[in-house]
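I opened a new notebook page for this structure.

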Amino acid sequence: MDLSFATQQVIYGLTLGCLYGLLAIGYTMVYGVLRLINFAHGDLLMVSAYVAFFGIIIFSLPWPVAFLGAAIFTAVIGILIDRGAYKPIRKSPRISALITAIGVSFLLENLALVLIGGRPKSFPIPTLFNGSLSIGELKVPVLSLWILSLTLVLLVIVIGIVHKTRIGMAMRALSRDIETVSLMGIDENRVISFTFALGSILAAFGGVMWCMRYPAVEPFMGVIPGLKAFVAAVLGGIGNVTGAAIGGLILGLAEVLIVAIQPDWSGYRDAIAFCIMIVILLTRPRGIMGENLPD
Amino acid sequence: MLQIEDLHVSYGGIKALKGISIDVGPGDIVSLLGSNGAGKSTTVRAISGLVPIGSGMINFEGIKLKGMSAHKIQRLGLAHVPEGRKVFANLTVLENLLMGAYNLKDKSERTRLMNQFFEIFPALDNKREQLAGTLSGGEQQMLAIGRAMMSKPRLLMMDEPSLGLAPLVVSDVFNVIKKIRNEGVTILLIEQNANAALKISDYAFLLENGKILLEGPGLELLNDARVKAAYLGDTSDKAIFEN
């Protein structure tokens with residue numbers, strides 16, 4: 001394997017890793033405040049993809065409007081999922097919430113299947129994201145550059161919000177003690193909604209970027225990325241935003257590089273993530289940057 | 001200022017409060033005394049909206065609190081220092097105070113309150129950026145009280161502020177309580193340290209098994225034979241407060 005081939009693969013790996021990372025941040029933030037694995041989170045990728053798709057194809061919106069619309073719509077769906085499905089069982093055992101999350105995931109997938117149909121639709125890629133730059137033998141897809149920079153910008157924004165703003169402070173407090181937060185005169189449900197909205201917006205941007213990288217929109221497109229992002233969140237240390245991004249990058253790189261080195265294994269591509277998950281859970285359950293979990 | 005009438009609260013099938021009536025007048029220090037499980041914490045948690053009220057009435061400055069959520073009750077000017085301090089361990093000292101002042105929009109007022117806090121607790125001044133979880137128990141208690149005061153409450157409820165603290169720190173806590181009252185804040189205090197609490201209380205209630213057993217002015221209860229027998233038998237910590 002020569003150097004340019006290796007570099008090429010690393011670029012592909014980082015691109016994929018960023019997409020996992022964007023999704024993993026949402027998982028990790030919701031887990032951080034509610035101790036809930038929101039299994040419906042991966043499906044928000046699909047929601048966002050369809051909204052952007054219909055925005056461009058049916059309503060002929062310019063792509064920035066369609067993408068922004070997708071982000072806002074997905075944020076609203078994220079908030080509605082919390083209010084409708086999780087809030088009523090906030091005080092129930094955690095296993096109830098987990099099962100509800102799986103139910104919500106099935107609901108979204110099958111709702112899309114019934115309303116829109118199962119046939120994959122090809123996503124219209126705006127010209128700005130097309131093509132690639134040639135640097136010597138190296139071909140860098142323009143989309144990769146977009147994905148990498150978008151992920152970096154969003155990551156900085158999220159970390160800024162969590163650590164430098166009032167609502168971010170409330171989010172961090174909430175992750176330890178919901179009751180005492182309410183004693184401060186803070187509406188805990190508003191903070192939780194904000195967390196869902198923020199995570200959903202990242203998933204939405206991940207969704208449209210995913211569609212441009214793998215341009216087929218279908219109801220179950222969020223399942224595998226969602227599961228892998230969950231692995232990335234666990235790998236990075238669930239509850240930690242930076243960890244989720246790092247976990248995503250490691251997972252993306254591992255997947256692409258292992259297949260590049262051993263092309264025979266390409267059929268096992270999806271298994272890699274879950275092998276990593278098993279190893280992490282056996283050796284370091286709190287992940288790379290995770291806190292010591294109370295239980 | 002705060003009226004409670006015939007308050008009943010149950011958890012599952014267990015009746016924690018079986019009809020208690022309490023009246024807290026403005027500017028007073030009122031204590032709730034009693035052994036573990038008597039219903040003291042349940043009373044303040046019901047006032048704060050943390051546990052649902054079964055029947056009865058809680059009235060704060062003419063507003064009925066029944067059915068209101070905790071954050072709305074706090075915004076009426078009613079702050080609660082929870083049992084076990086409950087500072088936000090993963091937030092800094094400064095951030096803990098800011099959490100208390102979350103709904104105080106006036107920035108200069110926030111700064112003024114914060115400076116006032118650090119004047120009263122200079123030990124915390126050079127620990128502003130330290131995580132609250134790394135503070136000592138006494139410092140955490142002071143921070144919890146300061147955090148509650150940041151919302152400029154008219155009624156401050158404190159649940160066992162002296163619990164688990166060293167005797168010297170306990171007297172500090174009681175001095176702070178007196179200081180807060182002198183600023184015109186009404187105080188509802190829960191204590192197991194009946195001796196110390198009664199000395200600073202204008203009025204006190206003795207709870208047992210979810211009912212009020214005895215009530216009266218603090219000094220009167222302090223000299224009551226029944227109270228002495230049941231709660232003041234242990235005189236070991238008496239010396240600290242005699243000055």
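I started with Val208(A). Leaving out residues up to four places away in sequence, I found that Val208(A) touches Ser48(A), Ala49(A), Ala52(A), Phe67(A) and Ala70(A). Contact here means C-beta atoms, placed from the backbone, within 7 Å.

I noted the ground rules. This is a predicted model, where local features need pLDDT of at least 70 and side-chain atom pairs count only at pLDDT 80 or more, while totals for chains, interfaces and linings use all residues. Residues are numbered from 1 along each chain as its sequence is written, and chains are lettered from A and ligands numbered from 1 in the order in which they are written.

Next, the core. The largest nonpolar core has 161 residues. Tyr27(A), Ala49(A), Ala52(A) and Val208(A) have the most contacts inside it. A nonpolar core joins buried Ala, Val, Leu, Ile, Met, Phe, Trp, Tyr and Cys residues through C-beta atoms within 7 Å; buried means 20 or more other C-beta atoms within 10 Å of a residue's own.

Then I checked two helices (DSSP runs of H or I, at least four residues). Helix α5 (residues 142-164) and helix α10 (residues 241-261), both of chain A, pack at about 160°, with axes 10 Å apart. Axes are lines fitted to C-alpha atoms over the stretch in contact, and angles run from 0 to 180 degrees between N-to-C directions. So α5(A) is roughly antiparallel to α10(A) (an angle over 145 degrees).

Last, the interface. I saw 20 residues of chain B in contact with 15 residues of chain A. In chain B, α2 (70-75) and α3 (93-100) each supply at least two residues of the side touching chain A.

How values were computed: Angles under 35 degrees count as roughly parallel, over 145 as roughly antiparallel, 65 to 115 as roughly perpendicular and the rest as oblique. Two residues are in contact if their C-beta atoms, placed from the backbone, lie within 7 Å. A residue is buried if 20 or more other C-beta atoms lie within 10 Å of its own, exposed if 12 or fewer, and partly exposed in between; C-beta atoms are placed from the backbone.
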